[in-house]
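Please keep the structure open as you read.

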Amino acid sequence: PYSSEKIEGFTVHNYNDGDLIACFDENISESVVKAIAKQQPLRAVFRDSSFANSPSKINVGEIFKLLAPDTSVKVI
């Protein structure tokens, strides 16, 4: 099953009840990344251009290490 929701105005796609959560919007905020991590998905995918700079991308990995250490995170 597929569903989507808005978190702070960003569209978050959820496939198979959390097997995959993806957000491809531009300039995703840290609070949205934390909200996704708190859902503990198996996999999380973001678009490279979703983040303003490299430190923001690195921070995504750190957030998931803290809140959802078993989640596989990809930035494509």
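Five strands make up an open sheet with mixed pairing, ordered β1-β2-β3-β4-β5. Strands here are DSSP E runs of at least two residues, helices are H or I runs of at least four, and both are numbered from the N terminus; two strands pair if DSSP finds at least two bridges between them. β1 and β5 (72-75) stand at the edges with a single partner strand each, so one side of each has no neighbour in the sheet. On average, neighbouring strands are turned by 20 degrees against each other, direction ignored. Such angles are taken between axes, which are lines fitted to C-alpha atoms (for helices over the stretch in contact), and run from 0 to 180 degrees between N-to-C directions.

A word on the source: this is a predicted model, in which local features need pLDDT of at least 70 and side-chain atom pairs count only at pLDDT 80 or more, while totals for chains, interfaces and linings use all residues. Residues are numbered from 1 along each chain as its sequence is written, and side-chain values use heavy atoms, with hydrogens and water left out.

Now look at β2 (residues 10-15) and β3 (residues 20-23), which run antiparallel and are joined by three bridges. Asn 14 has Ile 21 in β3 as its bridge partner. Four residues lie between the strands of this hairpin, where Asn 16 takes a positive phi near 55 degrees.

Also in β2 is Thr 11, which counts as buried because its relative accessibility is 18% (buried means under 20% relative accessible area, exposed over 50%, partly exposed in between, with a 1.4 Å probe and protein chains only). Leaving aside residues up to four places away in sequence, Thr 11 touches Ser 4, Glu 5, Lys 6, Ala 22, Cys 23 and Asp 25, contact meaning heavy atoms within 4.5 Å.

On to β4 (residues 43-46), which pairs with β3 in the parallel sense over four bridges. Leu 20 stands opposite Arg 43, and Cys 23 has Phe 46 as its bridge partner.

What covers the buried residues of helix α1? Among the elements doing so are β1 (2-7), β2, β3, β4 and α2 (54-67). The buried residues in α1 are Val 32, Val 33, Ile 36 and Ala 37. They lie on the same side of α1 because they cover an arc of only 140 degrees around the axis, taken from the directions from the helix axis to the C-beta atoms.
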